[in-house]
Amino acid sequence: MTTLIVNGERRSIEASPDTPLLYVLRDELGLNGAKYGCGLGQCGACTVIVDGKAVFSCVTPVMVLEGRTVTTLEGIGSQDALGPMQRAFITEQAAQCGYCIPGMMMRAHALLSRDPHATDESIRAELQPHLCRCGTHMRILRAIRRAAEEMRPKTADARTER
């Protein structure tokens with residue numbers, strides 16, 4: 001049995017230790033935000049955050065995650081309470097087919113969590129592992145910039161100016 005902290009909740013996993021995290025999330029925990037794309041860690045559709053870093057869940061065996069913190073798309077907001085990244089992607093209409101979007105959101109969320117002032121160049125570099133054929137790349141960048149504005153810590157001066 002493996003124990004993970006998934007979206008802030010301690011979870012005991014009964015799957016075989018070599019089972020990819022993606023299957024545990026979807027099949028055992030019912031978290032369907034991460035998508036099965038290629039199964040080889042080459043498309044990014046399955047991206048989740050482990051201890052603050054974006055990882056491909058399709059090639060990450062659950063045995064290497066004992067006691068670690070996993071955040072999925074469901075962990076950054078819900079249908080009733082969308083997070084900044086989700087709101088931004090909706091506002092900017094950044095999804096076309098939407099299959100790659102959860103993975104991109106997760107990788108962008110990890111980036112902005114460690115660098116809330118990420119430049120367009122660093123955003124593009126961070127999203128390099130993701131495959132998207134829909135052509136909404138400019139809307140995706142706008143959405144990430146919008147989310148960055150909302151995720152940045154507010155200074156005392158900014159609060160008093162409003």
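I13 touches M1, T2, L4, V24, E28, L29 and V62, leaving out residues up to four places away in sequence. Contact here means heavy atoms within 4.5 Å.

Some ground rules. This is a predicted model, with local features needing pLDDT of at least 70 and side-chain atom pairs counting only at pLDDT 80 or more, while totals for chains, interfaces and linings use all residues. Residues are numbered from 1 along each chain as its sequence is written, and side-chain values use heavy atoms, with hydrogens and water left out.

Back to I13. Where does I13 sit? In strand β2, residues 9-13. Strands (E, at least two residues) and helices (H or I, at least four) are DSSP runs, numbered from the N terminus. I13 counts as buried because its relative accessibility is 0%. Buried is under 20% relative accessible area, exposed is over 50%, and partly exposed is in between, using a 1.4 Å probe and protein chains only. T2 is eleven residues from I13 along the chain, yet their C-alpha atoms are separated by 5.0 Å.

Next, helix α1, residues 21-28. L21, L22, V24 and L25 are buried in α1. What do the buried residues of α1 pack against? They pack against β1 (2-6), β2, β3 (47-50) and β5 (69-71). Just after α1, G30 takes a positive phi of about 70°.

Now the cores. A nonpolar core is a set of buried Ala, Val, Leu, Ile, Met, Phe, Trp, Tyr and Cys residues, joined through side-chain atoms within 4.5 Å. The largest one has 27 residues. M85, F89, L112, I123, I140 and I144 have the most contacts inside it. Which elements give two or more residues to this core? They are α2 (84-91), α3 (101-114) and α5 (137-151). The largest share, eight residues, comes from α3.

Look at I144. Setting aside neighbours within four places in sequence, I144 is in contact with M85, F89, A108, L112, I123 and L127. There is also a second, separate core of 19 residues. V6, L21, L22 and L31 are among its members.

On to charges. Side chains of opposite charge can pair when their charged atoms come close. I call it a salt bridge when a side-chain nitrogen of Lys or Arg is within 4 Å of a carboxyl oxygen of Asp or Glu. How many are found in the whole structure? Eight.

Pair one is R146 with E92, at 2.8 Å, N to O. R146 lies in helix α5 and E92 in the loop between α2 and α3, so the pair ties together parts 54 residues apart in sequence. R146 is partly exposed, at 38% relative accessibility. E92 is buried, at 15%. E92, R142 and R146 are linked in a salt-bridge network.

Pair two is E126 with R114, at 3.0 Å, N to O. E126 lies in helix α4 (residues 120-126) and R114 in helix α3, so this pair ties together parts twelve residues apart in sequence. Is E126 buried or exposed? Buried, because its relative accessible area is 16%.

R145 is partly exposed at 31% relative accessibility. D120 is partly exposed too, at 25%.
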